[in-house]
Amino acid sequence: MSFRKEKKYIFNYDDILKVKDSLLKVGMQKLYPPRSIKSYYFDNYQLSMHQDSEEGVLPRKKIRIRCYDSLLKFKEETKISSLEGRFKINKSIKKIRCEKDIFEYDLYDQLYGKLRPTLIVKYTRSYFKLNFLRITFDKNISYVSLKSNSKVAFKDPKCVMEVKAPINCPEDYIENIIHYSTSRFSKYCRGINFF
């Protein structure tokens with residue numbers, strides 16, 4: 001398990017293009033082609049993960065099943081925020097072969113109890129690096145609530161840039177490269193709040 005720092009920045013579509021262009025001019029390089037990402041977030045009936053995230057409780061988790069570029073390969077991901085920092089645990093799932101299987105997938109967490117799918121988040125992610133920083137740009141973000149009968153997608157007007165750095169990276173190193181204010185941006189919380 002390796003801890004990391006995560007910084008998030010929210011922009012309108014036109015502004016994120018300008019930010020990307022300015023970072024390319026100072027040496028940011030493309031890592032690999034953009035991918036479509038679809039995440040199925042799980043929570044308990046009380047939406048305790050959502051509440052803990054909104055309140056900034058530590059430790060807390062977010063648990064999701066994710067697939068990339070419509071490939072039928074699903075991964076269970078657990079994002080953990082603790083006093084020591086943030087880290088992610090990935091696990092391949094062979095039981096899930098199609099989307100329908102996700103809704104029958106039994107998930108239980110020691111902290112949160114029995115979990116069920118609550119929200120689908122879809123977006124396009126572009127991957128870059130600048131020195132030892134990993135920078136991603138997420139756009140075309142949409143949310144579908146699984147708690148209501150309506151399966152209408154809500155399209156987010158915002159885009160997000162995320163900077164990931166080693167835990168020992170000095171704060172001023174990032175601030176000297178990225179001259180924007182950070183924001184809290186949880187796609188899961190944002191999606192739940194929209195509905």
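Predicted model: local features only at pLDDT ≥ 70, side-chain atom pairs only at ≥ 80, totals over all residues.
Buried here means under 20% relative accessible area, exposed means over 50%, and partly exposed is what falls in between, with a 1.4 Å probe and protein chains only.

Residues are numbered from 1 along each chain as its sequence is written, and side-chain values use heavy atoms, with hydrogens and water left out.

## Salt bridges

Let's start with the charges. Side chains of opposite charge can pair when their charged atoms come close. The cut-off for a salt bridge is a side-chain nitrogen of Lys or Arg within 4 Å of a carboxyl oxygen of Asp or Glu. A search of the whole structure turns up 18 of them.

| Salt bridge | N to O distance |
|---|---|
| R66 and E77 | 3.6 Å |
| K91 and E76 | 3.6 Å |
| D156 and R190 | 2.5 Å |

Where do R66 and E77 sit in the chain? R66 is in strand β3 and E77 in strand β4 (residues 75-82), eleven residues apart, so the pair links distant parts of the chain. Strands (E, at least two residues) and helices (H or I, at least four) are DSSP runs, numbered from the N terminus. R66 is buried, with a relative accessible area of 2%, and E77 is buried too, at 0%.

K91 and E76 also meet in a salt bridge. That pair links distant parts of the chain, with K91 in strand β5 and E76 in strand β4, 15 residues apart.

As for D156 and R190, their side chains meet at 2.5 Å, N to O. D156 lies in the loop between β9 (154-155) and β10 (159-166) and R190 in helix α5, so the pair ties together parts that are 34 residues apart in sequence. D156 is buried at 9% relative accessibility, while R190 is partly exposed, with a relative accessible area of 24%.

Beyond the pairs, there is a network of salt bridges that links R125, D138, E162, K164 and K187.

## Rings, and charges over rings

A pair of aromatic rings is described by the distance of the centres and the angle of the planes. Rings of Phe, Tyr and Trp (its six-membered ring) pair if their centres lie within 6.5 Å; planes under 30 degrees apart count as stacked, over 60 as edge-to-face and the rest as tilted. The whole-structure search gives nine aromatic pairs.

One of them is F3 with F87, an edge-to-face pair at 5.2 Å centre to centre and 90 degrees between the planes. F3 lies in the segment before β1 (4-11) and F87 in strand β5 (residues 85-92), so this pair ties together parts that are 84 residues apart in sequence. F3 is partly exposed, with a relative accessible area of 26%, while F87 counts as buried at 10%.

Y32 and Y127 have ring centres 4.7 Å apart and planes at 40 degrees, so the pair is tilted. Y32 lies in strand β2 (residues 29-43) and Y127 in strand β7 (residues 113-130), so parts 95 residues apart in sequence are tied together. Y32 is partly exposed at a relative accessible area of 37%, and Y127 is buried at 2% relative accessibility.

Ring pairs also link Y143, F154 and F194 into a cluster.

K20 lies over the face of F137, at 5.1 Å from the ring centre. K187, a member of the salt-bridge network, has its charged end over the ring of Y123, 4.4 Å from its centre.

## Helix α2

Which residues of helix α2 (residues 48-55) are buried? They are S48, M49, H50, D52 and S53. What covers these buried residues includes β2, β3 (60-68), β7 and α5 (187-194), with contact meaning heavy atoms within 4.5 Å. G56 follows α2 and has a positive phi, near 75 degrees.

## Cysteines

A disulfide is a pair of cysteine sulfur atoms within 2.5 Å, and the whole-structure search finds zero. For C189, the closest cysteine sulfur is in C159 at 19 Å, too far for a bond. C189 is buried at 3% relative accessibility, and C169 is buried at 2%.

Terms used: Lys NZ or Arg CZ within 6 Å of the ring centre and 35° of its normal.
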